[in-house]
Amino acid sequence: MSQDLLDRIDQRTRLAGHNRLALLLFRLASRQLFGVNVFKVQEVLPRPALFTLPSLPAAFVGAADVRGRSVPVLDLARAIGHASDAEFEPKYLVVTEFNRSVQGFLVGGVDRIVNIAVEQIQPPPELGGDSHYLTGITRHQGELIQLIDVESVLAESAPRSSDGGAISILPMTAGPREVLVVDDSRVARNQIRAVLHQLGLEATLLSDGRQALDHLQLMARSGQPPHERYAMVISDIEMPAMDGYTLTTEIRHDPALRGLFVLLHTSLSGVFNQAMVERVGADDFVPKYSERDLADRIAARIRAF
């Protein structure tokens with residue numbers, strides 16, 4: 001393993017261990033600041049020439065040649081319904097990698113990278129409209145920052161076909177048949193719930209690690225051992241209020257919770273997560289998003305009872 005890769009893993013580990021999130025800040029078609037996890041970003045380039053590809057979904061504006069690779073490109077402002085503004089015509093391409101794919105987003109201007117304490121990130125208001133494209137809101141140096149749910153943007157712009165095939169209902173076992181799902185993305189929560197229902201399992205859905213920890217600790221205090229209700233916890237990593245690494249650490253440090261099986265389910269590159277699985281004590285991790293891989297990991301856990 002190269003020293004550069006080890007350094008990047010160490011950088012990610014230090015941030016996650018302190019419940020912090022590194023954000024790339026940018027602007028779209030207004031002066032409003034938006035953010036995306038910097039570890040989903042491969043690079044930022046001046047807007048390159050675009051060309052057409054017949055296979056691209058209609059929502060994409062074209063493709064770009066990025067270091068010899070054809071990268072599909074979305075105009076992010078258009079994708080989330082922001083009005084056009086000549087002053088902020090897209091001038092930069094943010095090349096991202098998540099959910100096992102590489103894609104580019106055109107943005108008006110790139111601002112800077114900041115580190116934000118996760119507990120300072122709040123869930124977005126439930127106001128409808130384009131708020132379903134957000135995973136959280138926060139402030140930095142007096143400016144409001146809206147965190148883009150790039151998973152939702154990509155899912156709506158390029159709907160994916162199922163890779164799960166026929167997922168069979170699991171036979172009855174001695175263990176519980178309910179799973180606690182923790183994810184700040186509406187799309188991800190619905191995807192996981194659909195897989196669980198195909199397996200014949202129930203789901204409780206929460207949107208951040210703080211909610212999940214409070215829920216589990218309340219159960220324990222009321223005399224209901226969480227491991228008797230939940231077969232496992234499936235948690236995203238990057239979430240407002242408390243990230244998945246910190247949630248896992250808190251579970252392992254709490255005698256009433258430490259017996260819970262924790263599966264980390266993330267859109268981030270696997271190399272960082274493999275290092276963190278061992279550090280925080282998670283039982284397993286699977287990258288987003290493959291229905292078949294997720295179903296296989298869940299089934300293995302249920303059959304272990």
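Which residues in α3 meet which residues in α4?

Modeller: Happy to. Please keep in mind that this is a predicted model. From α3, the residues are Glu151, Ser152, Ala155 and Glu156, and they meet Arg186, Val187 and Ala188 of α4. The axes of these two helices are 7 Å apart, and the packing angle is about 70°. Since angles from 65 to 115 degrees count as roughly perpendicular, α3 is therefore roughly perpendicular to α4.

Let us stay with α4 for a moment. This helix has 13 residues, and from first C-alpha to last it reaches 19 Å, close to the 18 Å expected at 1.5 Å a residue. Its buried residues are Val187, Ala188, Arg189, Gln191, Ile192, Val195 and Leu196. Just after α4 comes glycine 200, with a positive phi of about 85°.

That brings us to α9, which spans residues 291–303. With 13 residues, α9 reaches 18 Å between its first and last C-alpha, close to the 18 Å expected at 1.5 Å a residue. Buried in α9 are Glu291, Leu294, Ala295, Ile298, Ala299, Arg301 and Ile302. Looking down the axis of α9, these buried residues fall within an arc of 160°, so they line one face of the helix. In the loop between β16 and α9 you will find tyrosine 289. Lysine 288 and tyrosine 289 are joined by a cis peptide bond, with omega about -15°.

For another helix pair, look at α5 (residues 209–221) and α7 (residues 244–253), whose axes come within 9 Å and cross at roughly 20°. These two helices are therefore roughly parallel to each other, and α5 passes α7 in a right-handed crossing. On the α5 side, Gly209, Ala212, Leu213 and Leu216 make the contact, meeting Leu247, Glu250 and Ile251 in α7.

Among the strands, β10 (residues 134–140) holds threonine 135. This threonine 135 has 10% relative accessibility and so counts as buried. Leaving aside residues up to four places away in sequence, threonine 135 touches Gln122, Pro123, Pro124, Leu147, Ile148, Asp149, Asp184 and Pro240.

Glutamine 141, in the loop between β10 and β11 (143–148), has a positive phi near 50° although it is a residue other than glycine. Its relative accessible area is 68%, so glutamine 141 is exposed. Arginine 67, in the loop between β5 (62–66) and β6 (69–75), has a positive phi too, near 55°, again in a residue other than glycine. With 72% relative accessibility, arginine 67 counts as exposed.

Definitions and conventions. Residues are numbered from 1 along each chain as its sequence is written. This is a predicted model: local features need pLDDT of at least 70, side-chain atom pairs count only at pLDDT 80 or more; totals for chains, interfaces and linings use all residues. Side-chain values use heavy atoms; hydrogens and water are left out. Helices (H or I, at least four residues) and strands (E, at least two) are DSSP runs, numbered from the N terminus. The expected span of a helix is 1.5 Å times one less than its number of residues. Buried means under 20% relative accessible area, exposed over 50%, partly exposed in between (1.4 Å probe, protein chains only). The arc is that of the directions from the helix axis to the C-beta atoms. Axes are lines fitted to C-alpha atoms, for helices over the stretch in contact, and angles run from 0 to 180 degrees between N-to-C directions. Angles under 35 degrees count as roughly parallel, over 145 as roughly antiparallel, 65 to 115 as roughly perpendicular and the rest as oblique. A crossing is left-handed if the near helix is turned anticlockwise from the far one by less than a right angle, and right-handed if clockwise. Contact means heavy atoms within 4.5 Å.
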